[in-house]
Amino acid sequence: MTTPVRVRFAPSPTGYPHVGNIRTAMFNWLLARHSGGKLILRIEDTDVARKVEGAVKAIMEGLNWLGIDWDEGPDVGGDYGPYYQSERLELYKKAAERLIEQGDAYYCYCSPERLEEMRAGQVKRKEPPGYDRLCRDLTRDECARREAEGIKPVVRFKTPLEGQTGYNDVIWGNVVVNNSTLDDFVLLKSDGYPTYHLANVVDDHAMEISHVIRAEEWISSTPRHLLLYRALGFEPPRFVHHPMILGPDRAKLSKRHGAVSILDYRDMGYLPQTMLNFLALIGWSLDDKTEMMSKQELIDNFSLERIGKTGAIFNREKLDWMNGVYIRKLTADEFFDAVQPYLMDDLDAGKVLISDEEYVRAVLPLVQERARTLVEVVELTRFFFTEDLSYDSALLIGKNMDKAATFEALEAAQEDLGKLVVLQESATRETLPAFDADSLEGVLRPLAPELDLKTGQLFSVLRVAVTGRTAAPPLFDTMAVLGRERCMQRIAAALKRL
RNA sequence: GCCCCCAUCGUCUAGAGGACUAGGACAGCGGCCUUUCAAGCCGUCAACAGGGAUUCGAAUUCCCUUGGGGGCACCA
């Protein structure tokens, strides 16, 4: 294969950027980047009725988020434009006319009602549904007569009645079908817009596409496309049909399975590098053990040959795990930048972020290895940013302790912590911060045996008092970041609760 | 209903006739570490859908069955 790689992602702007579609874009992009080829973004807006405002923008946003860039497209231009199919109508019309002249296509005047009736009959008689070719051999006069009645025809392809059509799929090998199982599909709709089949073939040829990489659901319409390539005298590209992403019930992943827009995953706090890595691993693998791969590693190692054939379930648990791994890999600055927008969405955290960024930067390292999503970070850090610690007072009572013992422990801690500060302040003017984790540990650890408690018991009482939770980042670090004032206040508040 | 396709642990997968006692990862379970929660480390459970055939030898090739999926629009 010496022709340069030119691949395309051709979404139709009929909705949100579905993860399945984005993954298709990714495979195309990976091949382009791996082989030094080009990725073309082409918008297939030929369905006027289903067109959704803002869909193109959302698709681009999703791609951008993942770092999937394209070389030609509606926004960046290119030598093969325009890149909206709605702006290429003339091309399709010409192709259709040519096919009619050649005798490979014909006008069909059947009404939607008739077609529906016909199909209903076929289903009833347990026949395979398909156009009955009523208009296939209409004479010029018969056409003119219907034309005169004001009927707007569609153009249908004159599918050969016999023979076979096959091709060699990069992933599936030889795919052959009997032409008799194919009906005379529509090329041009009555509104003048092309169907997917026509537009695709015309554009993929015009744009010199080398590989058509798309989902498995297209496999059965590929023979039709081949027939079109042949009739038009075009050299067909290589076809690569990849398996689909399935929902937990093994059906094609769809809205009813929950989040399916790539932007939903962004909003739920997944990192783009996680999504890219994870999506690549659905239906593709490098070897028997490599799983964590950066964008560059994916590009370097990608190959069509390693795409599998089996549909794969989208496994949220593994996604969560992988996101946790990527979160932990972030530097402090990267983590801060990544989390910022999510913190901003929270009233309390947002306020603090604006007024005291340094405090936020001190808090974040404490939760970085504990969070699996960026949204989780907000939850995990909540007690750092609010003074309203609403918790069940019963949580304060330590294991095997009663109210009195808990009270005693808190009071003792309060006193010692107070001493600690005084001590540090009066003793020389050391640069030691008065309330750092080490000093706190130095004071609190010995306190436990004095109270006849296990360290765990004392610490858990303090943890609840200071964070309002039984599970939190390490106590001393947490207290140090919270600062002396907040800690003393919260301990006092806890004493009052008892 | 018709056409096409697929089939390894619960899930994602490695495997292209002998290297398979079937490997890795997530999840689960157990343990270590430990002030909690995580993280980390160690260990453990767990699969070739079934049946034939070919072969000295089959997860790997062929056939059938079963199960699953996709397609069958003036949607893409």
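Lys255 sits in the loop between strand E10 (245-246) and helix H8 (262-267); helices (H or I, at least four residues) and strands (E, at least two) are DSSP runs, numbered from the N terminus. The model is predicted: local features need pLDDT of at least 70, side-chain atom pairs count only at pLDDT 80 or more, and totals for chains, interfaces and linings use all residues. Residues are numbered from 1 along each chain as its sequence is written, chains are lettered from A and ligands numbered from 1 in the order in which they are written, and side-chain values use heavy atoms, with hydrogens and water left out.

- Lys255 is exposed, at a relative accessible area of 58%. Buried means under 20% relative accessible area, exposed over 50%, and partly exposed in between (1.4 Å probe, protein chains only).
- Beyond its neighbours within four places in sequence, Lys255 is in contact with Tyr16 and Val260. Contact means heavy atoms within 4.5 Å.
- From Lys255 to Pro473 the C-alpha separation is 37 Å, and the two are 218 residues apart along the chain.
- Pro473 is one of the residues touched by Thr478; the others are Leu366, Phe383, Phe384 and Thr467, not counting residues up to four places away in sequence.
- Thr478 belongs to helix H20. Its relative accessibility is 1%, so Thr478 counts as buried.

**Helix H20**

- Helix H20 covers residues 475-482 and is largely enclosed by the rest of the structure, because six of its eight residues are buried.
- The buried residues in H20 are Leu475, Phe476, Thr478, Met479, Val481 and Leu482.

**Helix packing**

- Helix H12 (residues 332-344) packs on helix H16 (residues 374-385) at an angle of about 75 degrees, and the axes are 9 Å apart. Axes are lines fitted to C-alpha atoms, for helices over the stretch in contact, and angles run from 0 to 180 degrees between N-to-C directions.
- H12 is therefore roughly perpendicular to H16. Angles under 35 degrees count as roughly parallel, over 145 as roughly antiparallel, 65 to 115 as roughly perpendicular and the rest as oblique.
- H12 contributes Phe335, Ala338, Val339, Tyr342 and Leu343 to the contact, and H16 contributes Leu374, Val375, Val377, Val378 and Thr381.
- Nine residues of this H12 contact with H16 are nonpolar, one is polar and none is charged. Ala, Val, Leu, Ile, Met, Phe, Trp, Tyr, Cys and Pro count as nonpolar, Asp, Glu, Lys and Arg as charged, and the others, Gly among them, as polar.

**Aromatic pairs**

- There are twelve aromatic pairs in the structure. Rings of Phe, Tyr and Trp (its six-membered ring) pair if their centres lie within 6.5 Å; planes under 30 degrees apart count as stacked, over 60 as edge-to-face and the rest as tilted.
- Tyr229 and Phe239 pair edge-to-face, 6.4 Å centre to centre with 70 degrees between the planes.
- Tyr229 is in helix H7 (residues 222-232) and Phe239 in strand E9 (residues 238-242), so their pair ties together parts that are ten residues apart in sequence. Tyr229 and Phe239 are both buried.
- Phe278 and Phe314 have ring centres 5.2 Å apart and planes at 80 degrees, so this pair is edge-to-face.
- Phe278 lies in helix H9 (residues 272-280), and Phe314 in the loop between strand E11 (312-313) and helix H11 (316-329), so the pair ties together parts that are 36 residues apart in sequence. Phe278 and Phe314 are both buried.
- A cluster of Tyr265, Tyr270, Phe278 and Phe314 is linked by ring pairs.

**Backbone in loops**

- The Gly81 to Pro82 peptide bond is cis, with omega near -5 degrees. Pro82 lies in the loop between helix H2 (55-66) and helix H3 (89-102).
- Glu208 is not a glycine, yet has a positive phi of about 55 degrees. Its loop runs between helix H6 (196-206) and strand E8 (211-215). Glu208 is partly exposed, at 49% relative accessibility.
- Asp452, also not a glycine, has a positive phi of about 65 degrees. Asp452 lies in the loop between helix H18 (437-450) and helix H19 (455-467). Its relative accessible area is 69%, so Asp452 is exposed.

**Cysteines**

- The structure has zero disulfides. A disulfide is a pair of cysteine sulfur atoms within 2.5 Å.
- For Cys110, the nearest cysteine sulfur is that of Cys135, 3.6 Å away, and Cys110 is in no disulfide.
- Cys110 is buried at 13% relative accessibility, and Cys487 is buried at 0% relative accessible area.
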